[in-house]
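Keep the viewer open as you read, and follow along topic by topic.

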Amino acid sequence: MKNYDMTIWDGAIEALEKPGDGWINVAMEDSSALVLDKKVKDLYLDYLKGIREAALRGEYVVGFFTSVPYEIFRAMDIPAVQIINICALTSLATGIVEECQNIASDLGIMFETCSVHRVIASHFHKGWVPGVKLIVRMFAGCDTASSSGGPSSDYYGIPEFGIDVPYEYNERAVKYYAAELLDLIHLLEEQSGKKMDWDKLKEVVRLTGETRRLTQEIADLRKTVPSPMENRRAWQLNWLNWIYAGTQEGINWLTTVRDDLKQRVKKKEGVVKEEKFRLMDLWMSPLHCNLKLMGWLEEMGVVVANECLVFTWGKEIVEMDPSKPLESLAHKFFNGPLMGILHGPIEIGVDCIVKAAKDYQVDGAIWWQNNCCRNTGVIHTWKDALKNQVGIPTAEIENDLMDPSIASFDQIKEKLEEFFELLESRKKEE
Ligand code: SF4
């Protein structure tokens, strides 16, 4: 098993602790917005420090990929690293993205592989992810994430587990998914020596139900014109939902955001002084300049009113039933933001996106196009549906999530300015 090197985690913690520095901080006059940003920093700091301490104590730590339900690890009291989010963000916080890309190249990982996963490979090769003794991945949504666990576990010399998910959503699929989770629980019990606390799992699932309701409330409040929420907030909500699923801290955070939005909606106060355009975000904006970009859009009077991966649910809204925790987690997967529209028949995503474009009254959409990502085929159908069914144009911005050499902040701004000219001329014609 690999020896861990805490340099990167220590560096990321140090960056987050600095006031006015670190990747999460933004310069804004609005004090309530800054209070929320401070909470994001604090939640990340608690999370990173918790994992670091657990690893230093030699505890059994799990590394998991997107959409693997954190609730299982919480109920078993097993610390767990959300690999994608944390490898990317600790790299950005410590300024080592280029070094990571070079390490991945030296390992023979092709440039055409999604840069997030090149970063992950470099972290596991170097031993920068503390304490991980099992990798859990999901065979759904992202092909690269489905495969990325393989090299990660090889570099660490540890086992891995893949959760298989049926393509279609139906009763049989829910049972199958729940059985997969049960297999995972048995493996965790065998490997960690800890037992599943089924009462705790029920409570965690109940709390997850609460976070889902709050997220839906936030989604509804965001339909208001002018838009009450900062452009950067949606992805913060998404990432924190990944690592604070089924916790009271997660509920407290969402409640603060919801209350802030309620206040603004009541006062008819928009997040920008004069709202020029409302956009829909069809994919995640580049992480290397996400905050700068979202702030610049606001300066331009442009709000991102809906991020379809974060605020679109999918087939049906199913309430979490704590008495059936594993089935409830299956419903969360099939009908939750992200996989609700990304996994399964493409028509479901198309219908949801067209509906969201109308509900959120958007003028245009942005597709942060990443040629390394196989999901581009799916997004193409969303983009075409927006144009053909509701006449909404989409800006296609080629970029890479981590690597600014594909498109820098300034190059992205230029392309967006051209798109805003198009939106302006459409408005004049109306
Ligand atoms: S950009 Fe695409 S390939 Fe990369 S992590 Fe996201 S879904 Fe996976």
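Let's begin in a loop: serine 67 sits between strand 1 (61–64) and helix 3 (70–75). This is a predicted model, and in it the phi of serine 67 is near 80°, a positive value in a residue other than glycine. Serine 67 counts as buried, because it has 23 C-beta neighbours inside 10 Å and 20 or more are enough for that class.

- Buried or exposed: how do the residues of strand 5 (residues 277–281) fall? Five of its five residues are buried, so the strand is mostly covered.
- Side chains in a regular strand alternate between the two faces of the sheet. In strand 5, Phe277, Leu279 and Asp281 point one way, while Arg278 and Met280 point the other way, and all are buried.
- Strand 6 (residues 302–307) runs parallel to strand 5, with five bridges joining the two. In this pairing, leucine 279 stands opposite valine 304 in strand 6.
- Strand 5 also pairs with strand 7 (residues 364–369), in the parallel sense and over three bridges. Here aspartate 281 has isoleucine 366 of strand 7 as its bridge partner.
- Strand 7 is in turn joined to strand 8 (residues 394–398) by five bridges, and these two strands run parallel. Alanine 365 stands opposite threonine 394 in strand 8.

**β-α-β units**

- Strand 5, helix 12 (residues 290–299) and strand 6 make up a right-handed β-α-β unit.
- A right-handed β-α-β unit is also formed by strand 7, helix 17 (residues 376–390) and strand 8.

**Helix pairs**

- Two packed helices are described by the angle between their axes and the distance between the axes.
- For helix 6 (residues 115–126) and helix 7 (residues 143–156), the axes come within 8 Å and cross at roughly 15°. That angle makes helix 6 roughly parallel to helix 7, since angles under 35 degrees fall into this class.
- The crossing of helix 6 and helix 7 is right-handed.
- On the helix 6 side, His117, Ile120, Ala121, Phe124 and His125 make the contact; they meet Thr144, Ser148, Pro151, Ser152, Tyr155 and Tyr156 in helix 7.
- At what angle do the axes of helix 8 (residues 171–192) and helix 14 (residues 325–335) cross? They cross at roughly 115° and come within 8 Å.
- Helix 8 passes helix 14 in a right-handed crossing. Helix 8 contributes Val174, Tyr177, Ala178, Leu181 and Leu182 to this contact, and helix 14 contributes Leu326, Glu327, Leu329, Ala330, His331 and Phe333.

- Valine 225 and proline 226 are joined by a cis peptide bond, with omega about 0°. Proline 226 lies in the loop between helix 9 (198–221) and helix 10 (233–243).
- Lysine 268 is found in the loop that links helix 11 (248–266) and strand 5. Although lysine 268 is not a glycine, it has a positive phi of about 55°.
- Is lysine 268 buried or exposed? Lysine 268 is exposed, because it has 10 other C-beta atoms within 10 Å and 12 or fewer put a residue in that class.

Terms used
Residues are numbered from 1 along each chain as its sequence is written. This is a predicted model: local features need pLDDT of at least 70, side-chain atom pairs count only at pLDDT 80 or more; totals for chains, interfaces and linings use all residues. Helices (H or I, at least four residues) and strands (E, at least two) are DSSP runs, numbered from the N terminus. Two strands pair if DSSP finds at least two bridges between them. A crossover is right-handed if, with the strands pointing away from the viewer, the path from the first strand over the helix to the second runs clockwise. Axes are lines fitted to C-alpha atoms, for helices over the stretch in contact, and angles run from 0 to 180 degrees between N-to-C directions. Angles under 35 degrees count as roughly parallel, over 145 as roughly antiparallel, 65 to 115 as roughly perpendicular and the rest as oblique. A crossing is left-handed if the near helix is turned anticlockwise from the far one by less than a right angle, and right-handed if clockwise. Two residues are in contact if their C-beta atoms, placed from the backbone, lie within 7 Å.
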